[in-house]
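Please have a look at the sequence and the model before reading on.

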Amino acid sequence: LGGVALWWLLSGVVLIRQEERALITRFGKWQAELEPGWHWRWPEPFETVLRAPTERVQVVEIGFRRAAGSPNESLPATIEWASEHENDEKSVAAESMILTGDEVAVELTAEVQYRISELQAWFLNQAVPEETLRAIAESVIREHAARESLDDLLTDRRREIEAAGLAEIRKRSASLGVEILGLNLLDIHPPRAVVPAYREVADALEEQQQLVNSAEEYYTRTVLSATGEDALELLQQGANRPVRNLDWTLTDEAWRRLGQRHDRLSGQIGASLMEAEADAEKTRTSARASSDRFRALLREYESSPELTQRHLYWKTIESVLAARPLTIVDPEAAGRQQLFLNGTANPLPVLRSTLPPPEELETER
């Protein structure tokens, strides 16, 4: 009996480590808190010692469970969408499956870092405080995810969502006696059953963007080669946009301004305008020369109209009959006259001489 009594009394010796604190309850009622060191308390069933690592940062996993003794207890390993979790991690589908604001089902894993600040509130206010904290964090994450799109969760608004969720978890867990240190959204991806379809959509979007970029490149290259950068900048005046932006329209007012500043046009249009101006100058010069020649002929005609008229008549006859073979028959020739055709499509024309006598021609000349 003495040995049993001694053993029972020695079971009341308590060692509290440096990072721990302990709460003493006597028949379920709070009595005291123990600091690190050696202590003796009444053994069970009179008093119960509830220990907690108050100086250590602890983690509550949401959507997965990490095996005990995992080498990395703060952050899980990064995984691909279509890959399975590591062997020391177990997915919890009931927690990880959520619905985003754009009605897209995704798998989301997160973790909450906390430290126990009040032992009495931690042990006495809740039967299972860690599960209560997990439920609070899960409900907050679901509420915020239901208000955001999948793109926001994956990209630029992710940090804002984490900060808002952290503030909400701190507010709701105030009675648990914990200090919430952080909230991290770890892995967000579609359900693995539909990952191939998501990848096909992503490939199609990339191909679409590539085609758009190629079209814009061709458009910009064509417009710049046709008008030049100065003209394109003139078209975009007042729009406050970059020079190579495609949002512009060739209005009547814009064309009028371009017409006033031909020097700003370059490229194909500039070359066409210069060529057109050269052709116009050539046409004007030729027209002026023809006009001057006609005026000179008119003056000569007015000085001696009959002789000039006869000269023009014979010049016209010469130009008409210059390239055609002729057979001239003298009307004074006696005897029988015969004309042999060569059988071609254009028979030889016969021109009976009606010229005035040579004396008259010489006199007129």
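How many salt bridges does the structure hold? In this predicted model, the count comes to 14 salt bridges. Let's visit a few of them.

Start with Glu95 and Arg65, whose side chains meet in a salt bridge at 2.6 Å, N to O. This pair links distant parts of the chain, as Glu95 sits in helix H2 (residues 93-96) and Arg65 in strand E7 (residues 64-66), 30 residues apart. Arg65, with a relative accessible area of 25%, is partly exposed.

Next, find helix H4, which covers residues 129-146. Here the side chains of Arg134 and Glu131 form a salt bridge at 2.7 Å, N to O. The two residues are three places apart in that helix, about one turn. Is Arg134 buried or exposed? Its relative accessibility is 4%, so Arg134 counts as buried, whereas Glu131, at 43%, is partly exposed.

One more stop among the charges is the salt bridge between the side chains of Glu281 and Arg288, at 3.7 Å, N to O. In this pair, Glu281 is partly exposed at 37% relative accessible area, and Arg288 is partly exposed at 44%.

Now let's turn to the nonpolar side chains. In soluble globular proteins, such side chains tend to be buried together. The largest nonpolar core of this model has 31 residues. Which of them touch the most other members? They are Tyr114, Ile169 and Ile180. Several elements give two or more residues to this core, including strand E10 (105-116), helix H6 (158-172) and strand E11 (178-189).

Setting aside neighbours within four places in sequence, Ile169 is in contact with Val112, Leu133, Ala137, Val140, Ile180 and Leu183. Finally, look for another core that lies apart from the largest one: it has five residues, among them Val14, Ile16, Ala22 and Leu34.

Definitions and conventions:
Residues numbered from 1 in each chain as written. Predicted model: local features only at pLDDT ≥ 70, side-chain atom pairs only at ≥ 80, totals over all residues. Heavy atoms only, no water. Salt bridge = Lys/Arg side-chain N within 4 Å of Asp/Glu carboxyl O. Helix = DSSP H or I, 4+ residues; strand = E, 2+ residues; numbered from the N terminus. Buried < 20%, exposed > 50% of the residue type's maximum accessible area, 1.4 Å probe, protein only. Core = buried A, V, L, I, M, F, W, Y, C linked by side-chain atoms within 4.5 Å. Contact = heavy atoms within 4.5 Å.
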